[in-house]
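Me: I am new to this structure. Please take one part and walk me through it closely.

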Amino acid sequence: MAPINPLYTPALMEHSSDPDYKYEMECATCTHEGVNPSCGDDLTLSLRINDKGVIEEAAWQGIGCAVSQASADMMSDLITGMDAHEARDLCEVFKRMARGEEKDPEVLEELGDAACLQSVARMPARVKCAELAWRTLGEMLDERKGTAAGK
Amino acid sequence: MARLYSIDATEEANLGIAGCVSAAAGNPEVADIAKNPFRAEFALLANSPELVYLDSAATEQRPACVLDAQRRFYETMNANPLRGLYRLSIEATEAIARARAHAARFIGAPEADEVVFVRNASEALNLAAKGLAGICDLKPGDEVVISIMEHHSNLIPWQQLCRATGATLVYLRPEKGGDYVISGEEIEAKIGPKTRIVSIGQVSNVLGVENPVRAIAKRAHEMGAYVVVDGAQAVPHMAVDVRDLGADMYAFSAHKIMGPMGIGVLWGKREILEAMPPMLLGGEMIDWVSETEAAWAPIPEKFEAGTQDAAGAYALDAALTYVESIGMDNLVAREHALMRYLVTRMEELPYIEFMGSHDPARHHGAFSFNVAGIHPHDVSSLLDGYNVAIRAGHHCAQPLLTWLGGMGSSCRASIGVYNDKNDIDRLVEGLEGVWGMFHGTN
C-alpha cells in the first residue's frame, strides 16, 4: 500500500476524478466565479434557486487541484435541495473546520462528505484550495441577498 | 582563573571558523552520488533518515558546524557590536568584520567595505532599487530592464519604481523551448540608449538556467546603465566573481548557501554605495546627529541601521568556510552528477513534462516539471506522504509561469551537495505512486 497523505481519501479522489456536478447548468438563477490566483484555481459555481429559496440544482466548472475540485463537487452534492440560508451557514462551518477552529464531530457531520477535508487544517498552504468552492458560494449568496434587499 | 572570553579574539574566532570543515573535504568520492559523505554532517537530515529533501532552492540545510557557530557567538562573544569600548563588544565587532571580508572574498569583491549586510537577497534588491532610484532620477522615457525569469524580489522593486517614476519596465525573454537562453539579439534589442538600470537574476530559481550576465553587463555598460545581479540562486551552485561578471551590485542570501536565515549580502561598487541614500535611519548608521541634522557614517555602516545580526554574520562566515572546505569545484561536480541522474530518471517517465532545458548541464540546482494532468500542489502534497519534499506553485516567479503558459505553476525539485542518488530514486518512486493514484494503477 502506497503511503497516503491523509487529505487524499478515497472520497476525495472519487469526487475529483469522477465528479457528479461538473457541468454547465442551463437556466441557472445565479452564477459566481472564484479564483485562487496564486494556484491557478478557477471555479465557476452555478445554482438554481426556486422562489422558496431552496437550491434545486448546483453545478460547477473550472480548473484546479484535486482538493479544490473535489471540495466543489462535495459541496454541490451537499447543498442540492437545501435552503439557501442553511447553505450560507454551512459555509461558515466549513471555513471554521478548514482553519482548525471547529472540531466537534456532531457539527462536522452537517458537512457530509466534505468533513473528510478536515485534515486540511494542518496544511496551511492547502486551506485556500479546500475553501475556494465554499468561499465562492458564500460570496454568491451574500450578493443574492444584497440584490434581493435592494429590490 | 577561568577565561570568560578570549583576549585574542582573532585566534579564538579563527579556531571556531576553522572548525567548520566538512569531513568529506578531499574525499575522492565526493562526486560519487551513490555515496553520501555529507548527510551525517547535517543534523536535520541525519535525524530524519526517511526524509528526501529536494527543496534546496527555497532554503538549504545547514551543517552542524554552522549551527554551532551561531550558538558559539552568543556563548562567547555576545555584546552589541560597533559601539562598545570593552573587549567583548570589540570581539563582536570583529566577528562582523571578518564575516564581511569573507563574504567579499567569496564573491570576488575587491573591498570588504563594499559588502552591506541585510536580511536577505530580497532586502538587498530593495536597497539596490531604492538606492539607484536616488542616483538615477528616473523619468518617463527612461527604461529599466529585467528578465521575465526574475524572482518577485528582483521584479516588484523595479516594477513599482517604474510605476512611481513613469519609467518603462522592459523584459528580456529567453527563447521559449530549447535551452531557455537569452540571445545576443535579444540583449541588443532590449538594452539600448534609454536603458538606465539592468537588473538580472544570474540563475533562474524556476528553470535553473544561467543567464548570460557578462554579455548583458557589457551591453548595459556600453549604454551607460547600472547593472544589478540577483545571485541568490547562483552563489550556492557556482564560483562567482562579481568583477568578472561585470556587476555593479550583487545580492545573495546566506540561507541558500547553508548559512542561517535572516542575513544576506548586497555588494556594490564603492562609488555607487557612497552616492546612494540610506534606506533605514537610526542607530549605528550616523557619523553625528544634532537637533536638526545628521550626517551618515561611511559605507557599509550607512546602510546598517540598528543592531546587526552579528551571530548570523558569524554563522555565514562558518557556512562559507564549510563550502570552501569541500571546494566549489567538487561541490559543482557532485551537483552536476546529481542533475544528470535526475534528468535521466525523469526522461524515463512518460508523463513528466519538462519545464526548462533537457540538458542537465543547463540546470544549476533547480529542475521544474509537471506531471501531466495533475496539479503541482497535489503532486507535492502527495509526495509528502512519501517523505519527499519538493516545492510546487509559481515559485515567486508568477510572470514567468504565466508567460510559459499551462497551469501557471509547476513542481520543482532542487538539489544541494548533501543529496544523493537514493533521493532521486525515491522522488521517482513517489512520482510513480502519485501517477498511479490518479490513474488507478495502484
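Reply: Start with chain A. With 151 residues, a compact globule would have a radius of gyration near 15 Å, and chain A has 15 Å, which agrees. The radius is taken over C-alpha atoms, and the globule rule is 2.2 Å times the number of residues to the power 0.38.

This is a predicted model: local features need pLDDT of at least 70, side-chain atom pairs count only at pLDDT 80 or more, and totals for chains, interfaces and linings use all residues. Residues are numbered from 1 along each chain as its sequence is written, while chains are lettered from A and ligands numbered from 1 in the order in which they are written.

The C-alpha atoms of chain A fill a box of roughly 55 × 30 × 25 Å along the principal axes. Chain A has 5 helices and 3 strands. Helices (H or I, at least four residues) and strands (E, at least two) are DSSP runs, numbered from the N terminus. Their order from the N terminus is α-β-β-β-α-α-α-α.

Of the 151 residues in chain A, 41% are buried. Buried means that 20 or more other C-beta atoms, placed from the backbone, lie within 10 Å of the residue's own. Now take the contacts in chain A with a separation of 6 or more: residues 24 or more positions apart account for 61% of them. A contact means that two C-beta atoms, placed from the backbone, lie within 7 Å.

Next comes the partner. In chain B, 17 residues are in contact with 18 residues of chain A. Two or more residues on this side of chain B come from each of helix H13 (376-385) and helix H15 (421-439). H13(B) gives the largest share, 6 residues. By type, the side of chain B that touches chain A has 5 nonpolar, 10 polar and 2 charged residues. Here Ala, Val, Leu, Ile, Met, Phe, Trp, Tyr, Cys and Pro count as nonpolar, Asp, Glu, Lys and Arg as charged, and the others, Gly among them, as polar.

Follow H13(B) further. H13(B) lies across S12, S14 and S15 of chain B, at about 155 degrees to S14(B). Axes are lines fitted to C-alpha atoms, for helices over the stretch in contact, and angles run from 0 to 180 degrees between N-to-C directions.

Those strands belong to an open, antiparallel sheet of 4 strands, in the order S11-S12-S15-S14 (chain B). Strands pair if DSSP finds at least two bridges between them. Strand S12 (residues 366-371) and strand S15 (residues 410-414) of chain B share 4 bridges.

Definitions and conventions: A residue is buried if 20 or more other C-beta atoms lie within 10 Å of its own, exposed if 12 or fewer, and partly exposed in between; C-beta atoms are placed from the backbone.
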